[in-house]
Amino acid sequence: MKKFKLGYAPTRRFVFSAEDAFKYKVQIREKIESFGLDIDIVDLEGLNSEGLLYDDHINADAIIERFKEEKVDAVFFPHCNFGTEDTVARVGKALGKPVLLWGPRDESPLEDGMRLRDTQCGLFATGKVLRRFNVPFTYVTNSRVNDPVFERGFTNFIAAANVVRQMRNLRILQIGPRPASFLTMMCNEGELLERFGIEIHPITLVDIQRTSKQIEKGNSVELNEAITYIKEKLDYSEVTEDDVKRIAALKVAMKQYATKTGSTAIAIQCWSSLQDAMGIMPCLANAILTDEQIPVTCETDIHGAITSIMVQAASMNQAPTFFADLTVRHPENPNGELLFHCGNFPVSLSVEDKPKLRKHFLFDDHAPGTHEGEIKGGGITLARFDGDHGEYQLFLGRAQGIQGPYTRGSYVWVEVNDWPLWEEKLVKGPYVHHAVGIHANVIPALYEACQYIPGLSPDPVDPTVQEIQAWLRGSDL
């Protein structure tokens, strides 16, 4: 994935202090570079003598051209004084990228009563003009450069914009049709393309079987690396050397297909034809790929794959996701729930130093290939992109890992604020029994991303909409 690019377009207005505007242009740039985000900043230096956006329509065309040539993913318009709202709106409209609007809080008037910037007043003006131009934008409270609310709002915007850019370039590798009895996994492929630009690239189980066998017979670097990884990271004493090699070959084949097709996520029919064809479960292969930032969802869950990309992007690709069944309630905690799947959670999340590579505990053939064991708890975001009848929503909720009884498969027990409320919302839809988890608080970023994705509504259960908005203004969650 290429590095995120931010267009940096600080703006001023001619009737206020050009010197102060230039000073703040430099200070703001230095501040955002100090946040430690792995992004490239594309600025306006060289387009005019100041490197600022100001009252000049020709200047707007040059800014648009630069940002398009550099393929920026979002644009930040810090108002270094009142700013030039019409030019900001023209640039924002022409680019069609997420827009961040903010300006540093004004100082006291000078002793003679003059004011140097009137930044807040300009923000009111630009907000209105952006609405007139139908440009959706994110707003961060007028605050000082060193205020925590600015850092919070800026970093959350970058994460939200990263979700948007990955959604706009999303192609999912579909390996096999959904299991026949899983009507919950139905999706509208045409609608996903028409509404969100999401492409599905289908291949058959025969394709993946044939490629896996070819890889298994060879001695490629990729195959040997996958075998070494499995043997170093897992206790594979319950399976054979041939099993390990076959699982590694499947992992390599899936990654090759994803690379060749330009897919950033995979949805696979994990049972039961694959076991008949290859004699293994794909769970561990799914887990390894998810750890490598190519999330894989079970039971050909296309909506789950979309969720995985969104959640992963909201963390700026700094943490792996895990794809779970919402399974059973905790036997003692009324707000506890089991997050489980047969054996596909990333190995890096395991509590044990060497989790087990085992045979499937449920299906009659007991095929090998499940990565089993508990994963770490802590704070977790749970999310689900889903829809029906042409309406799509993004479920959002936070959970905390807790102690619970041992169970087979990959699992973690969690506690939420009000499980009966969650359960009712999930049952009444448009959701299913699958969710995506991540050990990070990405709810505000996902919430903000939805305003840039037409046709997708955020549906937070905890925190509430009001709590998320208050957090973005500086409150605690």
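A helix crossing counts as right-handed if the near helix is turned clockwise from the far one by less than a right angle, and as left-handed if anticlockwise. Keep that in mind for this predicted model, because the crossing of helix 8 and helix 9 is right-handed.

Let's stay with that pair for a moment. Two packed helices are described by the angle between their axes and the distance between the axes. Here the axes of helix 8 (residues 221-233) and helix 9 (residues 241-261) come within 9 Å, crossing at roughly 125°. That makes helix 8 oblique to helix 9. On the helix 8 side, the contact is made by Glu222, Leu223, Ala226, Ile227, Ile230 and Lys231, while helix 9 brings in residues including Val244, Ile247, Ala248 and Val252. Sort the contact residues by type and you get nine nonpolar, five charged and no polar.

Now for the inside. In soluble globular proteins, nonpolar side chains tend to be buried together. The largest nonpolar core in this model has 106 residues, and among those with the most contacts inside it are Leu6, Phe76, Met254 and Leu446. Take Leu6: leaving aside neighbours within four places in sequence, Leu6 is in contact with residues including Ile32, Ile41, Val72, Phe76, Phe154 and Phe157.

What about Arg165, buried or exposed? Arg165 sits in helix 5 (residues 148-167), and its relative accessible area of 10% is under the 20% cut-off, so Arg165 counts as buried. Beyond its neighbours within four places in sequence, Arg165 is in contact with Met1, Lys2, Lys3, Phe4 and Asp73.

Key
Residues are numbered from 1 along each chain as its sequence is written. This is a predicted model: local features need pLDDT of at least 70, side-chain atom pairs count only at pLDDT 80 or more; totals for chains, interfaces and linings use all residues. Side-chain values use heavy atoms; hydrogens and water are left out. Axes are lines fitted to C-alpha atoms, for helices over the stretch in contact, and angles run from 0 to 180 degrees between N-to-C directions. Helices (H or I, at least four residues) and strands (E, at least two) are DSSP runs, numbered from the N terminus. Angles under 35 degrees count as roughly parallel, over 145 as roughly antiparallel, 65 to 115 as roughly perpendicular and the rest as oblique. Contact means heavy atoms within 4.5 Å. Ala, Val, Leu, Ile, Met, Phe, Trp, Tyr, Cys and Pro count as nonpolar, Asp, Glu, Lys and Arg as charged, and the others, Gly among them, as polar. Buried means under 20% relative accessible area, exposed over 50%, partly exposed in between (1.4 Å probe, protein chains only). A nonpolar core is a set of buried Ala, Val, Leu, Ile, Met, Phe, Trp, Tyr and Cys residues joined through side-chain atoms within 4.5 Å.
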